[in-house]
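This report goes through the salt bridges, nonpolar cores and aromatic pairs of one structure. Please look at the sequence and the model before reading on.

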Amino acid sequence: MKKFAALLFLSIALLSNTVSAKVISNEKINNQKVEQAKKIIVGLQKDMKSYTAKGSGPFVAAIYDKNGNLVAKTANSVVNETCSNNHAEMNVIKAAEKKLGTYDLAPYDLRLYVTAEPCIMCLGGIMWSGIKEVYYGVPSKSVEEITGFDEGFKPHWFKEFKKRGIVVYGNIEPEIGEQELHNYVNDGKEVYKPSRKSE
């Protein structure tokens, strides 16, 4: 019985470590930040259906201040607004800048939450906006596998953001987001991408 109890305890401990190891960051993991991010990102994933029903998506982003107040929330609108730059992150940064009347969000100490890892374009937009912290759900590898969208070339971006004082947390509740992406694709909704000649 003691052996069984010890094995059970070890299994639970290993499972707990596996679950917590999923979240990655460019700083020492702060559990309070992770729990807050989980609530927000799960909420954004749940909002996905209402956005995709209006032709947006399949990604949603929100910006909050350091006290947890919502500043702006938007979805990807590439297809319905016919603009390849209109990713959720770019849209929400534009909305926050318009609301606050500035191109420099740094003095406001803001956090960006997004349903999936930012692509190469959005990383640039985030870096130049003054956002202080970034939290995302589905990693790029899964986005590419599920949707076929090319996330771009992003070498060492966690380290590059850290050098610029931007905190990053990733892989937050990715399973929920992956299911939403599968739903989007399975519903036959358009996955935008440039047409390229095959080599």
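Lys33 counts as partly exposed, because its relative accessibility is 21% (buried means under 20% relative accessible area, exposed over 50%, and partly exposed in between, with a 1.4 Å probe and protein chains only). The model is a predicted one, in which local features need pLDDT of at least 70 and side-chain atom pairs count only at pLDDT 80 or more, while totals for chains, interfaces and linings use all residues. Residues are numbered from 1 along each chain as its sequence is written, and side-chain values use heavy atoms, with hydrogens and water left out.

Lys33 forms a salt bridge with Glu133, and their closest N and O atoms are 3.3 Å apart. A salt bridge here is a side-chain nitrogen of Lys or Arg within 4 Å of a carboxyl oxygen of Asp or Glu. This pair links distant parts of the chain, since Lys33 lies in helix α2 and Glu133 in strand β5, 100 residues apart. Helices (H or I, at least four residues) and strands (E, at least two) are DSSP runs, numbered from the N terminus. Glu133 is buried, because its relative accessible area is 7%.

## Other salt bridges

By this rule there are twelve salt bridges. Lys33 and Glu133 belong to a network of salt bridges that also links Glu27, Asp109 and Arg111. Within it, Arg111 and Asp109 form a salt bridge whose closest N and O atoms are 2.9 Å apart. Arg111 is buried at a relative accessible area of 13%, whereas Asp109 is partly exposed at 22% relative accessibility.

Another salt bridge joins the side chains of Glu117 and Lys154, at 2.9 Å from N to O. Glu117 is in the loop between β4 and α4 and Lys154 in the loop between α5 and α6, so the pair links distant parts of the chain, 37 residues apart. Glu117 is buried, with a relative accessible area of 11%, and Lys154 also counts as buried, at 16% relative accessibility.

## Nonpolar cores

A nonpolar core is a set of buried Ala, Val, Leu, Ile, Met, Phe, Trp, Tyr and Cys residues joined through side-chain atoms within 4.5 Å. The largest has 33 residues, and Ile63, Leu112, Ile131 and Phe161 have the most contacts inside it. Elements that each supply at least two residues of this core include β2 (60–64), β4 (111–116) and α6 (157–163). Helix α3 gives the largest share, four residues.

Leaving aside neighbours within four places in sequence, Ile63 is in contact with residues including Leu70, Val92, Leu112 and Ile131, where contact means heavy atoms within 4.5 Å. A second, separate core has 17 residues, among them Leu44, Ala62, Tyr64 and Tyr169.

## Gln45 in helix α2

Gln45 is found in helix α2 (residues 31–53). This residue is buried, because its relative accessible area is 1%. Not counting residues up to four places away in sequence, Gln45 touches Thr115, Val138, Ile176, Gly177 and Glu180.

## Aromatic pairs

Rings of Phe, Tyr and Trp (its six-membered ring) pair if their centres lie within 6.5 Å; planes under 30 degrees apart count as stacked, over 60 as edge-to-face and the rest as tilted. The whole structure holds eight aromatic pairs. One of them, Tyr136 with Trp157, is tilted, at 6.1 Å centre to centre and 40 degrees between the planes. Tyr136 is in strand β5 and Trp157 in helix α6, 21 residues apart. Tyr136 is buried at 1% relative accessibility, and Trp157 is buried with a relative accessible area of 8%.

Ring pairs also link Tyr64, Tyr113, Tyr135 and Tyr169 into a cluster.
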